[in-house]
Protein chains: 2
Amino acid sequence: MRVPRQISKRKYVIVVGCGNLGSHIANTLSAGRSAVVVIDRDARSFDLLSADFSGFTIEGDAAELAVLETAKTADADLFISASSRDNLNIFIAQVARIHFGVPDVVARVVEPELGSFYGQLGIRTVCPTTLSLDHFLKPPSGDRRT
Amino acid sequence: MRVPRQISKRKYVIVVGCGNLGSHIANTLSAGRSAVVVIDRDARSFDLLSADFSGFTIEGDAAELAVLETAKTADADLFISASSRDNLNIFIAQVARIHFGVPDVVARVVEPELGSFYGQLGIRTVCPTTLSLDHFLKPPSGDRRT
């Protein structure tokens, strides 16, 4: 897969993991005119990308340096580790930050307890479980859907 | 499993699915002095409950009416369908609402596209993916962790 040089002029985002979360992020970014590369080990997961998705896909293991190099990780403005595996997410996020020098790196955290630990490593983390907790327990008044 | 009658004086909550999300909800509710019953088909998932969890667990398929009856669903103040399967969540939520008359029913939505559809059925839905999207793309200023 070859990423054209000209996309570096737009915001360049790499998303690892094309499950429900990763594909939703990638679709949203693509719709917002960002240049997006999505990496997943299973090419079938790319079926979750919308018909309008204008980014690139790489079938491969993002834990391999060669795969991140193919994705031109050093050029990324934002790197999002959104697989369902916490250890993989934080490992790749650290590589993106330290080895490739990506200025903004975010890792998904599946197990809420790990969020504070990872934060100490200088990686921004997002835990969808923690974020959604209040919405399960206390519905926003006047809005039946979130 | 037998749920003692006296717990009905506190807020009584049933949580279906004891994965990362369900267990986190159950632990939080239990710590907040709610009476909680967690239902899961796989007893091993109850390992995710904290040592302080003071609620009850039922190993069984919440899609079976007998299981929901064992959980005393008719007495519940809040019913949360938090499994990883959208179809199951919305089916059980409808049963809890229509058959057992639970006043507040919430279903987790895994695939963001389904949220608006389910909302039309009168079931409150929460989609952790949608809720976390902004946090992945735009970090809250001054806070590196969410």
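Leu88(A) lies in helix 3 (residues 86-99) of chain A, where helices (H or I, at least four residues) and strands (E, at least two) are DSSP runs numbered from the N terminus. The model is a predicted one, in which local features need pLDDT of at least 70 and side-chain atom pairs count only at pLDDT 80 or more, whereas totals for chains, interfaces and linings use all residues. Residues are numbered from 1 along each chain as its sequence is written, chains are lettered from A and ligands numbered from 1 in the order in which they are written, and side-chain values use heavy atoms, with hydrogens and water left out.

With a relative accessible area of 15%, Leu88(A) is buried; buried means under 20% relative accessible area, exposed over 50%, and partly exposed in between (1.4 Å probe, protein chains only). Apart from neighbours within four places in sequence, Leu88(A) is in contact with Ala63(A) and Ser83(A), contact meaning heavy atoms within 4.5 Å. The C-alpha atoms of Leu88(A) and Arg108(A) are 9.9 Å apart in space, and the two residues are 20 apart in sequence.

Chain A as a whole contains 5 helices and 6 strands, which follow one another in the pattern β-α-β-β-α-β-α-β-α-β-α. Of its 146 residues, 52% count as buried. When contacts in chain A between residues at least 6 apart in sequence are considered, 51% of them join residues at least 24 apart. Chain A exposes about 7000 Å², with carbon and sulfur atoms supplying 48% of that area; accessible areas come from the Shrake-Rupley method with a 1.4 Å probe, and for residues only the protein chains shown count as cover.

Strand 4 of chain A has parallel partners in strand 1 and strand 5. Strand 1 (residues 12-16) of chain A pairs with strand 4 in the parallel sense over 4 bridges, and Val16(A) stands opposite Ser81(A) of strand 4. Strand 5 (residues 104-108) of chain A also runs parallel to strand 4, the two being joined by 4 bridges, with Phe79(A) opposite Val105(A). Two strands are taken to pair if DSSP finds at least two bridges between them. Both faces of strand 4 are covered: Leu78(A) and Ile80(A) on one side, and Phe79(A) and Ser81(A) on the other, are all buried.

Ser81(A) belongs to strand 4 (residues 78-81) of chain A and, at 0% relative accessibility, counts as buried. A polar atom of its side chain lies 3.2 Å from the backbone oxygen of Asn89(A). Residues up to four places away in sequence not being counted, Ser81(A) touches Val16(A), Asn89(A), Ile92(A), Ala93(A), Val106(A), Ala107(A) and Arg108(A).

The loop between helix 2 (65-70) and strand 4 of chain A contains Lys72(A). The phi of Lys72(A) is near 55°, a positive value in a residue other than glycine, and this lysine is partly exposed, with a relative accessible area of 35%. In chain B, Lys72(B) is found in the loop between helix 2 (65-70) and strand 4 (78-81). Lys72(B) likewise has a positive phi, near 55°, and is partly exposed at a relative accessible area of 35%.

Helix 3 (residues 86-99) of chain B has 14 residues and should span 20 Å at 1.5 Å a residue; its end C-alpha atoms are 19 Å apart, which agrees. The expected span is 1.5 Å times one less than the number of residues. Its buried residues are Asp86(B), Leu88(B), Asn89(B), Ile90(B), Ile92(B), Ala93(B), Val95(B) and Ala96(B). Gly101(B), with a positive phi near 65°, follows the helix.

In helix 5 (residues 128-137) of chain B, 7 of the 10 residues are buried, so this helix is largely enclosed by the rest of the structure. The buried residues are Pro128(B), Thr129(B), Leu131(B), Ser132(B), Leu133(B), Phe136(B) and Leu137(B).

A search of the whole structure finds 0 disulfides over all chains, a disulfide being a pair of cysteine sulfur atoms within 2.5 Å. For Cys127(B), which is in no disulfide, the nearest cysteine sulfur is that of Cys127(A), 14 Å away. The sulfur of Cys18(B) has its closest cysteine sulfur in Cys127(A), at 15 Å, too far for a bond. Cys18(B) counts as buried at 1% relative accessibility, and Cys127(B) counts as buried at 3%.

Conventions. A polar contact is a pair of N or O atoms within 3.5 Å; within protein, one must be able to donate a hydrogen and the other to accept it, and residues adjacent in sequence count only if both atoms are side-chain atoms.
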